[in-house]
Amino acid sequence: MGREVPQQQQQQVALAVEQLLAVNPYNPDMLSDLENYVNEQVSSQTYNLDANLCLLRIYQFEPDRMSTQIVARILVKALMAMPSPDFGLCLFLIPERVQMEEQFKTLIVLSHYLETGRFSQFWDEASKNRHIVEAVPGFEQAIQAYAIHVLSLTYQRVPRSVLAEAINIEGLSLDKFLDHHVANSGWILEKGHGRGQLIVLPRNEFNHPELKKSTDDGIPLEHVARIFPILG
């Protein structure tokens, strides 16, 4: 029962915000409600991009009322949503003078490292700025999930050393992590020991191109070839 009450409260808060947004999404009177909702998202590990974008838009109209702490939390939550393009959408609404503050420059660098798959550099930079990223629970796990997503687009078999670097886990902790995914995510550990061990990832249309949907559902190539002369 103890868990149900907070969950009901979270649902009530989310519903109240959605109702406010439906009436007038850019009403400055909603600013404090939306700020509280950002904090609620952080504490409950939920996420509402639309509400956060509305708050950033209101900040544009009311720059003197902007909370840089709230903005930072919005951006960290957006990073956690990768590979969705949420971080760029949020950043677009943040004034350049604010982006030049140190914590935001750090978040932009972290975003760049993630977008380019430079996970080692990402974790190094994140470790130097724990006060920013650790303010939002679930950050590390969300980035690890994104790193696994990126690896699954590239590898059929990923070396243990590559996985360890991407998710920033080693040793016994990595063994437990692998055991969990073998049991729950369809991973297979090939024979081998140490950093040379290979992990077989589930098949998808990216690491196994032959799984891509047949082009029968689209426009046949010969039809396209016939269209171009007509257009000409």
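This is a predicted model: local features need pLDDT of at least 70, side-chain atom pairs count only at pLDDT 80 or more; totals for chains, interfaces and linings use all residues.
1. Leaving aside neighbours within four places in sequence, L93 is in contact with L53, L56, R57 and Q60. One of these, L56, is 37 residues away in sequence, yet its C-alpha lies 6.1 Å from that of L93. L93 belongs to the loop between α5 (86-92) and α6 (96-99).

2. Now for the chain overall. The chain contains 13 helices and 3 strands. Of its 232 residues, 38% are buried. Among contacts with a separation of 6 or more, 56% join residues 24 or more positions apart.

3. The core deserves a look next. The largest nonpolar core has 65 residues, and those with the most contacts inside it are L34, L75, L107, F122 and L163. Which helix gives this core its largest share? That is α4 (residues 68-80), with 9 residues. As for L34, its contacts, apart from neighbours within four places in sequence, are V17, L21, A51, C54, L55 and I58.

4. The 3 strands form an open sheet in the order β1-β3-β2, with antiparallel pairing. Its edge strands are β1 (157-159) and β2 (188-189), each of which pairs on one side only. Between β2 and β3 (residues 198-200), which run antiparallel, there are 2 bridges. In one of the pairings, L189 has I199 of β3 as its bridge partner. Helix α11 (residues 160-167) packs on the sheet, where α11 touches β1 and β3. The direction of α11 makes about 75° with that of β1.

5. Helix α11 has a helical partner too. It packs with α12 (residues 171-184) at an angle of about 100°, and the two axes are 11 Å apart. Angles from 65 to 115 degrees count as roughly perpendicular, so that is how α11 and α12 are related. On the α11 side the contact is made by R160, L163, A164 and I167; on the α12 side, by G171, L174, D175, F177 and L178. These contact residues divide into 6 nonpolar, 1 polar and 2 charged. L163, in this contact, is also one of the residues with the most contacts inside the largest nonpolar core.

6. A few backbone details are worth checking on screen. Most residues other than glycine have a negative phi, and most peptide bonds are trans. Where does the chain have a cis peptide bond? The bond from M82 to P83 is cis, with omega near 20°. P83 sits in the loop between α4 and α5.

7. Although Q45 is not a glycine, its phi is positive, at about 55°. Q45 is in the loop between α2 (31-44) and α3 (49-61), and at 52% relative accessibility Q45 counts as exposed. N168, likewise a residue other than glycine, has a positive phi near 60°. The place of N168 is in the loop between α11 and α12, the two helices that pack at about 100°. With a relative accessible area of 44%, N168 is partly exposed.

Notes
Residues are numbered from 1 along each chain as its sequence is written. Side-chain values use heavy atoms; hydrogens and water are left out. Two strands pair if DSSP finds at least two bridges between them. Helices (H or I, at least four residues) and strands (E, at least two) are DSSP runs, numbered from the N terminus. Contact means heavy atoms within 4.5 Å. Axes are lines fitted to C-alpha atoms, for helices over the stretch in contact, and angles run from 0 to 180 degrees between N-to-C directions. Angles under 35 degrees count as roughly parallel, over 145 as roughly antiparallel, 65 to 115 as roughly perpendicular and the rest as oblique. Ala, Val, Leu, Ile, Met, Phe, Trp, Tyr, Cys and Pro count as nonpolar, Asp, Glu, Lys and Arg as charged, and the others, Gly among them, as polar. A nonpolar core is a set of buried Ala, Val, Leu, Ile, Met, Phe, Trp, Tyr and Cys residues joined through side-chain atoms within 4.5 Å. Buried means under 20% relative accessible area, exposed over 50%, partly exposed in between (1.4 Å probe, protein chains only).
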